[in-house]
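Open the model in your viewer and keep the selection panel at hand. The stops below go from the whole chain to one side of a contact.

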Amino acid sequence: MPSSIYLDHAATTPVAPEVLAAMLPYFQESWGNPSSIHQFGRTAQEGVAYGRQAVATLLGCTPKEIYFTGGGTEADNLAILGAAMAREDMGRHIITSAIEHHAVSHTLDALAKRGWEITALPVDGDGLIDPAQVGAAIRPDTALVTIMHANNEVGVIQPIAEIGALCRAAGVWFHTDAVQTVGHIPTRVDDLNVDMLSLSGHKLYGPKGVGALFIRRGVRIKPLLYGGGHERGLRSGTENVPGIVGLGKAVEIAGAEMDSEAPRLAQLRDMLLDGLLARIPDAIVTGHRTQRLPNSASVIAKYIEGEAMLLRLDFAGIAASSGSACTSGSLDPSHVLLAMGIPHGFAHGSVRFSLGRDTTEADIHYVLEQFPPIVELLRAMSPFRAGMECMSAAECAEAPHHH
Ligand code: PLP
(Lines give C-alpha, C1' and ligand atoms only; values in the text may rest on other atoms or scores of the structure.)
Protein backbone atom coordinates (compact mmCIF):
# COMPACT_ATOMS: atom_id res chain seq x y z
CA MET A 1 0.00 0.00 0.00
CA PRO A 2 1.27 3.52 -0.69
CA SER A 3 2.32 4.99 2.66
CA SER A 4 0.07 7.97 2.37
CA ILE A 5 -1.95 9.54 -0.39
CA TYR A 6 -2.75 13.24 -0.05
CA LEU A 7 -6.06 14.08 -1.74
CA ASP A 8 -6.81 17.31 0.10
CA HIS A 9 -5.15 19.87 -2.18
CA ALA A 10 -8.18 22.18 -1.94
CA ALA A 11 -7.34 22.60 1.77
CA THR A 12 -3.69 23.32 1.11
CA THR A 13 -0.83 22.22 -1.13
CA PRO A 14 2.77 21.35 -0.34
CA VAL A 15 5.28 24.09 -1.11
CA ALA A 16 6.97 23.26 -4.43
CA PRO A 17 10.75 22.67 -4.05
CA GLU A 18 11.47 25.45 -6.57
CA VAL A 19 9.30 27.81 -4.51
CA LEU A 20 11.21 27.05 -1.33
CA ALA A 21 14.52 27.49 -3.19
CA ALA A 22 13.39 30.89 -4.47
CA MET A 23 12.33 31.98 -0.98
CA LEU A 24 15.39 30.91 1.01
CA PRO A 25 17.76 33.70 -0.11
CA TYR A 26 15.20 36.23 1.15
CA PHE A 27 15.56 34.79 4.65
CA GLN A 28 19.32 34.32 4.49
CA GLU A 29 21.07 37.05 2.49
CA SER A 30 18.44 39.37 1.09
CA TRP A 31 16.56 40.11 4.28
CA GLY A 32 16.40 43.88 3.88
CA ASN A 33 13.34 46.06 4.25
CA PRO A 34 12.01 46.92 0.78
CA SER A 35 11.34 50.48 1.95
CA SER A 36 15.01 51.10 2.77
CA ILE A 37 16.99 53.24 0.38
CA HIS A 38 20.28 51.27 0.65
CA GLN A 39 21.34 48.18 -1.24
CA PHE A 40 19.78 45.79 1.31
CA GLY A 41 16.44 47.48 0.73
CA ARG A 42 16.86 47.54 -3.02
CA THR A 43 17.51 43.80 -3.21
CA ALA A 44 14.39 43.07 -1.15
CA GLN A 45 12.44 45.50 -3.32
CA GLU A 46 13.53 43.55 -6.39
CA GLY A 47 12.08 40.40 -4.83
CA VAL A 48 8.74 42.11 -4.25
CA ALA A 49 8.77 43.49 -7.81
CA TYR A 50 9.46 40.00 -9.16
CA GLY A 51 6.47 38.56 -7.27
CA ARG A 52 4.20 41.39 -8.38
CA GLN A 53 5.19 40.99 -12.02
CA ALA A 54 4.68 37.20 -11.89
CA VAL A 55 1.18 37.51 -10.42
CA ALA A 56 0.29 40.28 -12.90
CA THR A 57 1.46 38.13 -15.80
CA LEU A 58 -0.74 35.20 -14.78
CA LEU A 59 -3.78 37.47 -14.32
CA GLY A 60 -3.10 39.53 -17.43
CA CYS A 61 -3.04 42.86 -15.58
CA THR A 62 -0.43 45.47 -14.72
CA PRO A 63 1.82 45.05 -11.64
CA LYS A 64 0.30 48.24 -10.19
CA GLU A 65 -3.06 46.48 -9.98
CA ILE A 66 -1.69 43.79 -7.62
CA TYR A 67 -1.86 44.35 -3.84
CA PHE A 68 -0.20 41.75 -1.61
CA THR A 69 -2.05 40.60 1.51
CA GLY A 70 -1.65 38.06 4.28
CA GLY A 71 -3.67 35.44 2.35
CA GLY A 72 -6.99 34.76 0.69
CA THR A 73 -9.11 35.68 3.72
CA GLU A 74 -7.49 39.08 4.00
CA ALA A 75 -7.84 39.70 0.25
CA ASP A 76 -11.58 38.92 0.48
CA ASN A 77 -12.01 41.18 3.53
CA LEU A 78 -10.10 44.02 1.88
CA ALA A 79 -12.15 43.78 -1.31
CA ILE A 80 -15.52 43.65 0.44
CA LEU A 81 -15.01 45.97 3.40
CA GLY A 82 -12.81 48.31 1.36
CA ALA A 83 -15.48 48.62 -1.35
CA ALA A 84 -18.25 48.97 1.22
CA MET A 85 -16.46 51.84 2.95
CA ALA A 86 -15.71 53.54 -0.36
CA ARG A 87 -19.24 53.28 -1.70
CA GLU A 88 -21.53 53.48 1.32
CA ASP A 89 -22.73 56.95 0.39
CA MET A 90 -24.00 55.55 -2.91
CA GLY A 91 -25.89 52.65 -1.40
CA ARG A 92 -25.69 49.88 1.15
CA HIS A 93 -26.67 46.79 -0.83
CA ILE A 94 -24.39 43.89 -1.79
CA ILE A 95 -25.13 40.84 -3.94
CA THR A 96 -23.44 37.50 -3.30
CA SER A 97 -24.17 33.77 -3.60
CA ALA A 98 -25.39 31.28 -1.02
CA ILE A 99 -22.26 29.12 -1.39
CA GLU A 100 -19.39 31.50 -0.64
CA HIS A 101 -16.42 30.62 1.53
CA HIS A 102 -16.76 32.00 5.06
CA ALA A 103 -14.04 34.55 4.28
CA VAL A 104 -16.72 36.21 2.16
CA SER A 105 -19.99 35.20 3.81
CA HIS A 106 -18.94 36.05 7.38
CA THR A 107 -17.54 39.38 6.20
CA LEU A 108 -20.94 40.13 4.69
CA ASP A 109 -22.64 38.98 7.90
CA ALA A 110 -20.60 41.63 9.72
CA LEU A 111 -21.79 44.29 7.26
CA ALA A 112 -25.39 43.10 7.64
CA LYS A 113 -25.08 43.75 11.38
CA ARG A 114 -24.05 47.31 10.53
CA GLY A 115 -27.19 47.84 8.46
CA TRP A 116 -26.13 46.67 5.01
CA GLU A 117 -28.61 44.68 2.98
CA ILE A 118 -27.18 41.46 1.55
CA THR A 119 -28.84 39.51 -1.26
CA ALA A 120 -27.49 35.92 -1.32
CA LEU A 121 -28.50 34.35 -4.62
CA PRO A 122 -29.46 30.68 -4.69
CA VAL A 123 -27.75 28.01 -6.79
CA ASP A 124 -29.32 25.15 -8.73
CA GLY A 125 -28.91 21.45 -7.97
CA ASP A 126 -25.55 21.46 -9.78
CA GLY A 127 -24.31 24.34 -7.64
CA LEU A 128 -24.50 26.90 -10.46
CA ILE A 129 -25.68 30.51 -10.25
CA ASP A 130 -27.89 31.81 -13.04
CA PRO A 131 -26.31 35.07 -14.29
CA ALA A 132 -29.77 36.41 -15.13
CA GLN A 133 -30.54 36.37 -11.40
CA VAL A 134 -27.55 38.61 -10.75
CA GLY A 135 -28.79 41.04 -13.37
CA ALA A 136 -32.25 41.03 -11.84
CA ALA A 137 -30.90 41.59 -8.31
CA ILE A 138 -28.84 44.68 -9.17
CA ARG A 139 -30.44 47.87 -7.82
CA PRO A 140 -29.52 51.55 -7.95
CA ASP A 141 -28.07 51.22 -4.41
CA THR A 142 -25.99 48.09 -5.13
CA ALA A 143 -22.42 48.87 -4.10
CA LEU A 144 -20.78 45.53 -4.94
CA VAL A 145 -21.35 42.05 -6.35
CA THR A 146 -19.09 39.33 -4.90
CA ILE A 147 -19.37 35.80 -6.29
CA MET A 148 -16.71 33.10 -6.05
CA HIS A 149 -15.01 31.71 -9.16
CA ALA A 150 -14.98 28.07 -8.03
CA ASN A 151 -16.40 26.60 -4.88
CA ASN A 152 -14.00 25.04 -2.40
CA GLU A 153 -16.32 22.19 -1.37
CA VAL A 154 -17.79 20.96 -4.63
CA GLY A 155 -15.45 22.57 -7.17
CA VAL A 156 -18.24 24.06 -9.30
CA ILE A 157 -17.03 26.86 -11.59
CA GLN A 158 -19.39 29.82 -11.88
CA PRO A 159 -20.11 31.77 -15.09
CA ILE A 160 -17.99 34.68 -13.88
CA ALA A 161 -17.42 36.31 -17.29
CA GLU A 162 -21.16 36.55 -17.92
CA ILE A 163 -21.89 37.86 -14.44
CA GLY A 164 -19.05 40.36 -14.82
CA ALA A 165 -20.45 41.66 -18.10
CA LEU A 166 -23.81 42.29 -16.42
CA CYS A 167 -22.17 44.13 -13.53
CA ARG A 168 -20.10 46.25 -15.87
CA ALA A 169 -23.16 47.21 -17.91
CA ALA A 170 -24.85 48.29 -14.68
CA GLY A 171 -21.78 50.15 -13.41
CA VAL A 172 -21.46 47.94 -10.29
CA TRP A 173 -18.08 46.77 -8.97
CA PHE A 174 -17.59 43.01 -9.25
CA HIS A 175 -15.29 40.97 -7.00
CA THR A 176 -14.54 37.27 -7.29
CA ASP A 177 -12.89 34.96 -4.77
CA ALA A 178 -10.59 33.00 -7.09
CA VAL A 179 -8.62 31.30 -4.32
CA GLN A 180 -9.49 27.85 -5.69
CA THR A 181 -8.92 28.69 -9.35
CA VAL A 182 -5.80 30.84 -9.74
CA GLY A 183 -3.01 28.60 -11.01
CA HIS A 184 -5.46 25.80 -11.80
CA ILE A 185 -7.63 27.17 -14.61
CA PRO A 186 -7.34 30.39 -16.66
CA THR A 187 -7.97 33.52 -14.57
CA ARG A 188 -7.16 36.46 -16.83
CA VAL A 189 -9.03 39.35 -15.30
CA ASP A 190 -10.08 40.87 -18.63
CA ASP A 191 -11.57 37.56 -19.78
CA LEU A 192 -13.43 37.24 -16.47
CA ASN A 193 -14.71 40.86 -16.53
CA VAL A 194 -13.83 41.34 -12.86
CA ASP A 195 -12.88 44.53 -11.02
CA MET A 196 -11.33 42.72 -8.05
CA LEU A 197 -10.02 39.16 -7.63
CA SER A 198 -8.64 37.39 -4.54
CA LEU A 199 -5.96 34.69 -4.58
CA SER A 200 -3.92 32.78 -2.02
CA GLY A 201 -0.42 31.30 -2.15
CA HIS A 202 -0.97 28.04 -0.33
CA LYS A 203 -3.58 26.69 -2.75
CA LEU A 204 -1.11 26.69 -5.64
CA TYR A 205 2.09 25.19 -4.13
CA GLY A 206 3.19 28.51 -2.67
CA PRO A 207 3.60 29.47 1.00
CA LYS A 208 0.81 30.01 3.52
CA GLY A 209 0.02 33.47 4.84
CA VAL A 210 0.49 35.34 1.58
CA GLY A 211 -2.08 36.24 -1.03
CA ALA A 212 -3.04 39.07 -3.29
CA LEU A 213 -5.94 41.19 -4.37
CA PHE A 214 -6.20 42.41 -7.96
CA ILE A 215 -7.87 45.82 -8.02
CA ARG A 216 -8.60 47.23 -11.46
CA ARG A 217 -7.18 50.66 -12.21
CA GLY A 218 -9.81 53.26 -11.38
CA VAL A 219 -11.53 51.16 -8.70
CA ARG A 220 -10.80 53.08 -5.49
CA ILE A 221 -11.47 51.18 -2.28
CA LYS A 222 -10.53 52.06 1.31
CA PRO A 223 -7.78 50.34 3.29
CA LEU A 224 -8.43 48.15 6.36
CA LEU A 225 -4.97 48.73 7.81
CA TYR A 226 -3.34 52.09 8.37
CA GLY A 227 0.36 52.69 8.83
CA GLY A 228 3.32 53.26 6.58
CA GLY A 229 1.28 53.34 3.41
CA HIS A 230 2.67 50.19 1.80
CA GLU A 231 0.95 48.66 -1.24
CA ARG A 232 -0.04 52.09 -2.55
CA GLY A 233 -1.71 52.92 0.73
CA LEU A 234 -4.06 49.95 0.73
CA ARG A 235 -2.17 47.51 2.94
CA SER A 236 0.27 49.05 5.35
CA GLY A 237 2.88 46.82 6.94
CA THR A 238 6.37 45.77 5.91
CA GLU A 239 6.04 43.35 3.02
CA ASN A 240 6.34 39.58 3.52
CA VAL A 241 9.25 39.50 1.09
CA PRO A 242 10.01 35.74 1.13
CA GLY A 243 6.29 34.98 0.91
CA ILE A 244 5.79 37.34 -2.02
CA VAL A 245 8.78 35.85 -3.85
CA GLY A 246 7.43 32.36 -3.17
CA LEU A 247 3.98 33.34 -4.41
CA GLY A 248 5.59 34.74 -7.55
CA LYS A 249 7.51 31.52 -8.19
CA ALA A 250 4.39 29.44 -7.51
CA VAL A 251 2.23 31.33 -10.03
CA GLU A 252 5.05 31.22 -12.58
CA ILE A 253 5.20 27.41 -12.36
CA ALA A 254 1.42 27.00 -12.24
CA GLY A 255 1.01 29.20 -15.32
CA ALA A 256 3.62 27.24 -17.26
CA GLU A 257 2.17 23.84 -16.50
CA MET A 258 -1.58 24.58 -16.48
CA ASP A 259 -2.17 23.45 -20.07
CA SER A 260 -0.81 19.97 -19.37
CA GLU A 261 -1.71 19.58 -15.69
CA ALA A 262 -5.39 20.55 -15.87
CA PRO A 263 -6.35 17.86 -18.44
CA ARG A 264 -4.23 15.27 -16.61
CA LEU A 265 -6.04 15.96 -13.36
CA ALA A 266 -9.46 16.12 -15.02
CA GLN A 267 -8.89 12.65 -16.42
CA LEU A 268 -7.87 11.26 -13.01
CA ARG A 269 -10.84 13.07 -11.39
CA ASP A 270 -13.26 11.47 -13.84
CA MET A 271 -11.66 8.07 -13.36
CA LEU A 272 -12.22 8.49 -9.62
CA LEU A 273 -15.80 9.74 -9.90
CA ASP A 274 -16.85 7.11 -12.47
CA GLY A 275 -15.15 4.39 -10.46
CA LEU A 276 -16.83 5.40 -7.21
CA LEU A 277 -20.27 5.63 -8.83
CA ALA A 278 -19.79 2.17 -10.33
CA ARG A 279 -18.61 0.59 -7.06
CA ILE A 280 -20.75 2.31 -4.42
CA PRO A 281 -24.53 1.91 -4.54
CA ASP A 282 -26.44 5.04 -3.53
CA ALA A 283 -23.54 7.36 -4.18
CA ILE A 284 -23.94 10.72 -5.89
CA VAL A 285 -21.51 13.24 -7.31
CA THR A 286 -22.09 16.70 -5.81
CA GLY A 287 -21.76 19.63 -8.17
CA HIS A 288 -21.86 19.90 -11.94
CA ARG A 289 -20.07 17.02 -13.66
CA THR A 290 -18.06 19.09 -16.14
CA GLN A 291 -18.31 22.73 -14.95
CA ARG A 292 -15.94 21.88 -12.10
CA LEU A 293 -12.31 22.23 -11.15
CA PRO A 294 -10.04 19.66 -12.81
CA ASN A 295 -8.79 18.51 -9.41
CA SER A 296 -12.04 18.30 -7.48
CA ALA A 297 -14.06 15.14 -6.90
CA SER A 298 -16.81 15.41 -4.30
CA VAL A 299 -19.26 12.65 -3.57
CA ILE A 300 -21.94 11.68 -1.12
CA ALA A 301 -22.32 8.12 0.08
CA LYS A 302 -25.88 8.15 1.36
CA TYR A 303 -26.83 6.93 4.85
CA ILE A 304 -23.43 7.40 6.51
CA GLU A 305 -21.40 10.26 7.94
CA GLY A 306 -18.52 11.97 6.21
CA GLU A 307 -16.47 12.13 9.37
CA ALA A 308 -16.60 8.37 9.93
CA MET A 309 -15.50 7.79 6.34
CA LEU A 310 -12.64 10.28 6.68
CA LEU A 311 -11.31 8.59 9.79
CA ARG A 312 -11.27 5.19 8.10
CA LEU A 313 -9.77 6.64 4.93
CA ASP A 314 -7.05 8.22 7.05
CA PHE A 315 -6.38 4.83 8.65
CA ALA A 316 -5.99 3.40 5.13
CA GLY A 317 -3.46 6.14 4.34
CA ILE A 318 -5.79 8.36 2.33
CA ALA A 319 -6.08 12.03 3.34
CA ALA A 320 -9.40 13.47 2.16
CA SER A 321 -11.82 15.95 3.60
CA SER A 322 -15.49 16.38 4.24
CA GLY A 323 -17.55 18.82 2.23
CA SER A 324 -19.71 19.16 5.30
CA ALA A 325 -17.41 20.88 7.76
CA CYS A 326 -18.62 19.50 11.09
CA THR A 327 -17.09 22.46 12.89
CA SER A 328 -16.68 22.24 16.65
CA GLY A 329 -18.73 19.08 16.89
CA SER A 330 -21.82 20.72 15.45
CA LEU A 331 -24.10 18.59 13.34
CA ASP A 332 -24.82 21.39 10.90
CA PRO A 333 -24.17 20.13 7.41
CA SER A 334 -22.46 22.26 4.80
CA HIS A 335 -24.30 25.44 3.72
CA VAL A 336 -23.08 24.70 0.20
CA LEU A 337 -24.73 21.29 -0.04
CA LEU A 338 -27.93 22.57 1.58
CA ALA A 339 -28.03 25.48 -0.90
CA MET A 340 -27.81 22.87 -3.68
CA GLY A 341 -30.97 21.28 -2.32
CA ILE A 342 -29.32 18.19 -0.88
CA PRO A 343 -31.33 16.95 2.14
CA HIS A 344 -29.75 17.28 5.60
CA GLY A 345 -29.46 13.53 6.06
CA PHE A 346 -27.48 13.07 2.87
CA ALA A 347 -25.40 16.21 3.24
CA HIS A 348 -23.70 14.57 6.24
CA GLY A 349 -22.25 11.84 4.04
CA SER A 350 -20.05 13.96 1.85
CA VAL A 351 -16.38 13.44 1.06
CA ARG A 352 -14.15 15.64 -1.05
CA PHE A 353 -11.09 14.26 -2.82
CA SER A 354 -8.97 17.07 -4.27
CA LEU A 355 -6.13 15.94 -6.50
CA GLY A 356 -2.80 17.62 -7.14
CA ARG A 357 0.59 17.63 -8.82
CA ASP A 358 1.73 14.54 -6.93
CA THR A 359 -1.44 12.49 -7.64
CA THR A 360 -0.93 9.41 -9.84
CA GLU A 361 -3.21 6.88 -11.48
CA ALA A 362 -2.00 4.34 -8.91
CA ASP A 363 -3.35 6.61 -6.16
CA ILE A 364 -6.78 6.64 -7.80
CA HIS A 365 -6.76 2.84 -8.12
CA TYR A 366 -5.88 2.57 -4.45
CA VAL A 367 -8.79 4.81 -3.43
CA LEU A 368 -11.16 2.83 -5.66
CA GLU A 369 -10.01 -0.34 -3.95
CA GLN A 370 -10.13 0.99 -0.37
CA PHE A 371 -13.13 3.32 -0.26
CA PRO A 372 -16.07 1.08 -1.33
CA PRO A 373 -15.50 -1.50 1.45
CA ILE A 374 -15.28 1.35 3.99
CA VAL A 375 -18.69 2.59 2.85
CA GLU A 376 -20.09 -0.93 3.00
CA LEU A 377 -18.79 -1.50 6.53
CA LEU A 378 -20.08 1.84 7.83
CA ARG A 379 -23.47 1.28 6.26
CA ALA A 380 -23.74 -2.04 8.04
CA MET A 381 -23.22 -0.13 11.31
CA SER A 382 -25.22 2.96 10.38
CA PRO A 383 -28.44 4.24 11.86
CA PHE A 384 -29.07 6.06 8.57
CA ARG A 385 -30.18 2.98 6.65
CA ALA A 386 -32.10 3.10 3.39
CA GLY A 387 -35.41 4.85 3.85
CA MET A 388 -34.18 6.66 6.95
CA GLU A 389 -32.98 9.78 5.21
CA CYS A 390 -33.81 12.62 7.54
CA MET A 391 -35.01 15.78 5.90
CA SER A 392 -34.65 18.42 8.58
CA ALA A 393 -32.05 19.49 11.09
CA ALA A 394 -34.44 18.64 13.92
CA GLU A 395 -35.03 15.09 12.70
CA CYS A 396 -31.36 14.73 12.09
CA ALA A 397 -30.47 15.79 15.61
CA GLU A 398 -32.87 13.22 17.00
CA ALA A 399 -31.30 10.36 15.07
CA PRO A 400 -28.61 8.45 16.98
CA HIS A 401 -25.12 9.52 15.98
CA HIS A 402 -21.85 7.84 16.78
CA HIS A 403 -19.25 10.54 17.11
N1 PLP B 1 -11.69 31.46 -0.24
C2 PLP B 1 -11.73 30.18 -0.65
C3 PLP B 1 -12.67 29.78 -1.73
C4 PLP B 1 -10.92 29.22 -0.04
O5 PLP B 1 -11.00 27.95 -0.42
C6 PLP B 1 -10.04 29.63 0.99
C7 PLP B 1 -9.18 28.63 1.66
O8 PLP B 1 -9.32 28.22 2.75
C9 PLP B 1 -10.01 30.99 1.37
C10 PLP B 1 -10.85 31.87 0.72
C11 PLP B 1 -9.13 31.51 2.45
O12 PLP B 1 -7.78 31.61 2.02
P13 PLP B 1 -6.60 31.69 3.10
O14 PLP B 1 -6.52 30.33 3.72
O15 PLP B 1 -5.37 32.02 2.30
O16 PLP B 1 -6.93 32.77 4.06
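How many residue pairs are in polar contact across the interface of domain 1 and domain 2? The rule finds twelve, with both residues of each pair at pLDDT 80 or more; a polar contact is a pair of N or O atoms within 3.5 Å, one able to donate a hydrogen and the other to accept it, and residues adjacent in sequence count only if both atoms are side-chain atoms.

This is a predicted model, in which local features need pLDDT of at least 70, side-chain atom pairs count only at pLDDT 80 or more, and totals for chains, interfaces and linings use all residues. Residues are numbered from 1 along each chain as its sequence is written, and side-chain values use heavy atoms, leaving out hydrogens and water.

Select 5-11 + 258-398 for domain 1 and 17-254 for domain 2; these bounds come from an automatic or database domain assignment. Their centres, taken over C-alpha atoms, are 29 Å apart. Domain 1 gives 26 residues to the contact and domain 2 gives 30 (heavy atoms within 4.5 Å).

Next, show the surface between the two domains. About 2300 Å² is buried there, 55% of it on carbon and sulfur atoms (accessible area, 1.4 Å probe, lost on putting the two parts together, summed over both). Now pick M258, L293 and R357 in domain 1: these lose the most area to domain 2, together 30% of what that side buries.

Last, colour the domain 1 side by class. The residues that touch domain 2 comprise ten nonpolar, 13 polar and three charged.

Technical notes
Nonpolar A, V, L, I, M, F, W, Y, C, P; charged D, E, K, R; others polar.
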